[in-house]
Structure formats: C-alpha cells, structure tokens
Amino acid sequence: MDAQVLLAREQLNEAEERSNQLVQSSRDAMAYIHEGMYLSTNNAYLELFGYPDAEALDGLPIMDMIDADSRNAFKTALRKVSENGKHTEEFGCVTADGERF
C-alpha cells in the first residue's frame, strides 16, 4: 500500500473517532446515522427514545422512530438539511414502547 493510502486511512480513522467523541460527550440527544441506520448514539438519545442501550438500535432504521403521520415532513426536513443545512419542518417521533412525542 502506498503512503498516501495509509495516510488517508489514518485521517479517516481520526475523523471517525472525533465524530464519535463529539456524539458521546454531548448533553443533547445525538445520533450519528448513515443511510438511515444508526452508527452511534449517546445516552441522552437513548433515554429520550426509551432504549436501554445502543445495541437495541442495531438494525433499526431511523424511519421506525418517526411517527407514521410525520414521515413525509421528516423526509422533507432531510432534503432541506442536505441542500442548505437547515429546515423548519416539525415531526413526531416514537419511543421504544410506542409512545408518540
């Protein structure tokens, strides 16, 4: 492997570690989601949604945690965030035991 590839991999690993530390250290509920699947969450997020630990989210798509009536608003919000970094849509969520908030 050439030096540039090794350097790029090292930089990617460092960026992933910094991202994970940011999520874990936040007091706000945060999750790192890629293509609709959870990569990491913090304790505040788990408490908000009523999950005992991060393993409980393994394989759970983010859309399963969005209230069925709010899914179109959530998709619109994701598009707007992707386009310009912000959105104004509000949407409901669902806890582990099915409670809406």
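Visitor: Among contacts in the protein chain between residues at least 6 apart in sequence, what share joins residues at least 24 apart?
Guide: First, the term: a contact means heavy atoms within 4.5 Å. Take the contacts between residues at least 6 apart in sequence: 25% of them join residues at least 24 apart. This is a predicted model, where local features need pLDDT of at least 70, side-chain atom pairs count only at pLDDT 80 or more, and totals for chains, interfaces and linings use all residues. Residues are numbered from 1 along each chain as its sequence is written, and side-chain values use heavy atoms, with hydrogens and water left out.

Visitor: How many helices and strands does the protein chain have?
Guide: Helices (H or I, at least four residues) and strands (E, at least two) are DSSP runs, numbered from the N terminus. Here there are 3 helices and 2 strands. Their order from the N terminus is α-β-β-α-α.

Visitor: What is the radius of gyration of the protein chain?
Guide: That value is taken over C-alpha atoms, and the globule rule is 2.2 Å times the number of residues to the power 0.38. A compact globule of 101 residues would come near 13 Å, but this chain has 16 Å. Its C-alpha trace spans about 50 × 35 × 25 Å along the principal axes.

Visitor: What percentage of the residues is buried?
Guide: Buried means under 20% relative accessible area, exposed over 50%, and partly exposed in between (1.4 Å probe, protein chains only). Buried residues are 24% of the 101 in the chain.

Visitor: Which residues form the largest nonpolar core?
Guide: Start with the general idea. In soluble globular proteins, nonpolar side chains tend to be buried together. A nonpolar core is a set of buried Ala, Val, Leu, Ile, Met, Phe, Trp, Tyr and Cys residues joined through side-chain atoms within 4.5 Å. The largest one here has 12 residues: Tyr38, Tyr45, Leu46, Phe49, Tyr51, Leu57, Leu60, Ile62, Met65, Ile66, Phe74 and Cys93. Helix α2 (residues 43-49) gives the largest share of this core, 3 residues. Now look at Met65. Leaving out residues up to four places away in sequence, Met65 touches Tyr38, Tyr45, Phe49, Tyr51, Leu57, Leu60, Cys93 and Val94.

Visitor: Is Thr41 buried or exposed?
Guide: Thr41 is buried, because its relative accessibility is 6%. Find Thr41 in strand β2 (residues 37-41). With residues up to four places away in sequence not counted, its contacts are Val23, Gln24, Met30, Ala31, Leu46, Ala54 and Leu57.

Visitor: How many salt bridges does the structure hold?
Guide: A salt bridge is a side-chain nitrogen of Lys or Arg within 4 Å of a carboxyl oxygen of Asp or Glu. The structure holds 2. One joins the side chains of Asp67 and Arg100 (2.7 Å, N to O). This pair links distant parts of the chain, 33 residues apart: Asp67 is in the loop between α2 and α3 (71-84), and Arg100 is in the segment after α3. Asp67 is buried at 9% relative accessibility, whereas Arg100 is exposed at 58%.

Visitor: Which residue forms a salt bridge with Lys80?
Guide: Glu89 does, with the closest N and O atoms 2.6 Å apart. Lys80 is partly exposed at 31% relative accessibility. Glu89 is buried, with a relative accessible area of 16%.
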